[in-house]
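Work through the exercises below with the model in view, trying each task before reading its solution.

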Amino acid sequence: MSWLWAIIVGFVLGLIAKAILPGKQQIPLWLTTVFGILGSVLGNAVATWIGVNDTKGIDWTRHLLQLLGAVAVVGVGDMLWMSLKGKRA
C-alpha cells in the first residue's frame with residue numbers, strides 16, 4: 001500500500017509543482033508523477049537532515065519541503081526533458 005500512496009502523493013505534488021512553475025512544462029503526466037515522487041523523497045531527506053521529519057501533529061514543515069523538492073525536481077527535469085527532445089525553450 002505504501003507504493004500506492006507514493007504514486008498518489010507524487011502525482012499530486014507533481015501537478016502542484018507544475019502549477020507553481022511559470023510557463024508551460026512539456027513533460028508527460030507519467031514523468032510529472034515520477035518527478036513528484038523524487039521531490040517528495042528529496043523533501044523528506046532534507047526534513048530528516050534538519051530534524052523536522054516527525055513532529056507531533058501535522059508535519060507542515062516536512063510537507064512544505066516535499067513541495068519545494070517537487071518544484072525543484074520538476075523544474076530541472078523539464079529542462080532536461082526539453083534538451084533531450086531537442087526543443088529548447
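A residue counts as buried under 20% relative accessible area, as exposed over 50%, and as partly exposed in between (1.4 Å probe, protein chains only). This is a predicted model, in which local features need pLDDT of at least 70 and side-chain atom pairs count only at pLDDT 80 or more, while totals for chains, interfaces and linings use all residues. Residues are numbered from 1 along each chain as its sequence is written, and side-chain values use heavy atoms, with hydrogens and water left out.

**Exercise 1.** Decide whether D59 is buried or exposed, and find its salt-bridge partner.

Solution. D59 has 7% relative accessibility, and therefore counts as buried. A salt bridge requires a side-chain nitrogen of Lys or Arg within 4 Å of a carboxyl oxygen of Asp or Glu. R62 meets this requirement with D59, their closest N and O atoms being 3.1 Å apart, and the count by this rule comes to one salt bridge.

**Exercise 2.** Describe how helix α2 packs against helix α3.

Solution. Helices here are DSSP runs (H or I, at least four residues) numbered from the N terminus. Helix α2 spans residues 29-50 and helix α3 residues 60-85, and they pack at about 135 degrees with axes 6 Å apart. That makes α2 oblique to α3, since angles under 35 degrees count as roughly parallel, over 145 as roughly antiparallel, 65 to 115 as roughly perpendicular and the rest as oblique.

**Exercise 3.** Which residues does L65 touch, leaving out those up to four places away in sequence?

Solution. L65 lies in helix α3. With contact meaning heavy atoms within 4.5 Å, L65 touches G43, V46, A47, I50 and V52.

Key:
Axes are lines fitted to C-alpha atoms, for helices over the stretch in contact, and angles run from 0 to 180 degrees between N-to-C directions. Helices (H or I, at least four residues) and strands (E, at least two) are DSSP runs, numbered from the N terminus.
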